[in-house]
Amino acid sequence: MYLKNAWYCVSWDKDLKDQPLGIKILGQKLLIFRKQDGSVAALDAVCPHRYAPLHKGRLENDILQCPYHGLEFNSEGRCTLNPHGDVIPPNANLRSYPAVVQNLAVWVWMGDPDKADPSLLLEEQDWTSSDKFARGYGYTHVRGNYQLAIDNLLDLTHGPYVHVGGFGQEPRKMGLKYPMNHEFFVEDRKVHSRYYRENWRTNLFFRPFFPHDYCDQTTFMCLHQPSNLTLDITVLEVGAENGLPSEFIAPSFHFITPETETTAHYFYAAGHNKLIDDKTVTAKMMEGVRVAFEDEDEVMIRDVQEAMESTDLLSLKPAILESDIAGVTARKMLAKMIAEE
Ligand code: FES
Ligand SMILES: [Fe+2]
């Protein structure tokens with residue numbers, strides 16, 4: 001089940017060069033390409049003649065040529081040339097989709113094109129263009145329903161169990177209670193899940209930027225329905241006020257795009273406000289993030305998906321913990337939005 005009238009991330013802007021890119025989202029094969037004016041075209045990626053993959057075709061002057069028998073299509077999907085006859089059948093056209101670039105990413109609107117609403121895009125975030133931040137990017141293919149990836153991000157209590165080595169946290173001792181300083185609220189299409197941690201062991205990835213063993217850390221996760229999350233982490237010296245020069249800020253994006261009912265695309269990007277000219281430090285941070293997502297979270301999500309044998313978590317009547325409040329609320333909200341659509 002997907003919400004169609006929504007913007008979904010299909011690529012990082014920097015990865016869309018002079019060749020078309022193919023991607024399956026919401027069960028449909030799409031292609032995107034950069035037009036000569038710098039804007040982006042999004043079209044169905046399957047040729048209506050004999051179903052060849054059009055993203056493997058040749059692109060010239062905003063015209064895409066099918067790699068099989070050479071039908072040509074413009075950036076609106078209209079078939080402009082049949083090299084083998086005078087007639088272009090009416091069903092030789094491709095569906096096109098509204099596409100825009102915002103927040104370092106390319107977004108496609110999968111629903112009714114007349115309803116494509118730029119105000120529903122995630123608002124432009126300062127750190128994506130500010131010279132006070134360095135940035136890195138990544139992508140992970142997730143072998144689970146997209147909502148499992150969202151649950152994983154809205155409920156960060158999994159950290160000390162799933163990310164034991166990577167984040168430098170100690171494994172939780174058996175029988176220990178986990179202190180929950182969690183705040184949750186809903187605002188329009190947003191679900192906020194915020195963690196406040198005092199005297200917290202500094203995450204290993206943050207040590208180069210913040211060389212103290214312990215810190216006060218705020219971790220603000222926000223889901224922008226249906227499936228795009230922002231995470232803003234602030235690290236302070238224990239007991240310090242916000243805004244001191246030592247304050248370390250790490251904002252990040254977690255854009256989840258359903259691929260099929262049981263797989264998803266996970267586009268992530270992160271910034272940091274310290275050591276911004278040191279590219280090796282950015283690369284190291286991004287590698288740490290990749291390991292956490294790809295080798296730890298994703299493996300758990302895949303195992304969970306396999307065990308569930310379903311994509312409708314709530315219909316299985318799982319045990320619900322207090323810490324599930326954001327994830328469960330997000331699921332109920334989205335189910336309502338999909339039903340209304
Ligand atoms: S499959 Fe595309 S032109 Fe034949
Ligand atoms: Fe995680």
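In this predicted model, strands β17 and β18 make a hairpin, with two residues sitting between them. The two strands run antiparallel and are joined by eight bridges. One of the pairings along the way puts His-254 across from Tyr-268, its bridge partner in β18. For orientation, β18 covers residues 263-272, while β17 takes in residues 248-260.

β17 also has a partner in β16, the strand made up of residues 228-236. Here too the pairing is antiparallel, and it extends over eight bridges. Within this pairing, Thr-234 stands opposite Ile-249 of β17. So β17 pairs with β16 and with β18, and its burial is worth a look: eleven of its 13 residues are buried, which means that the strand is largely enclosed by the rest of the structure. As for side chains, those of a regular strand alternate between the two faces of the sheet.

Where the domains meet, eleven residues of domain 1 and eleven residues of domain 2 take part in the contact. On the domain 1 side, the elements that supply two or more residues are β1 (7-12) and β2 (21-25). β1 gives the largest share of that side, with four residues.

Technical notes:
Residues are numbered from 1 along each chain as its sequence is written. Chains are lettered from A and ligands numbered from 1 in the order in which they are written. This is a predicted model: local features need pLDDT of at least 70, side-chain atom pairs count only at pLDDT 80 or more; totals for chains, interfaces and linings use all residues. A residue is buried if 20 or more other C-beta atoms lie within 10 Å of its own, exposed if 12 or fewer, and partly exposed in between; C-beta atoms are placed from the backbone. Two strands pair if DSSP finds at least two bridges between them. Two residues are in contact if their C-beta atoms, placed from the backbone, lie within 7 Å.
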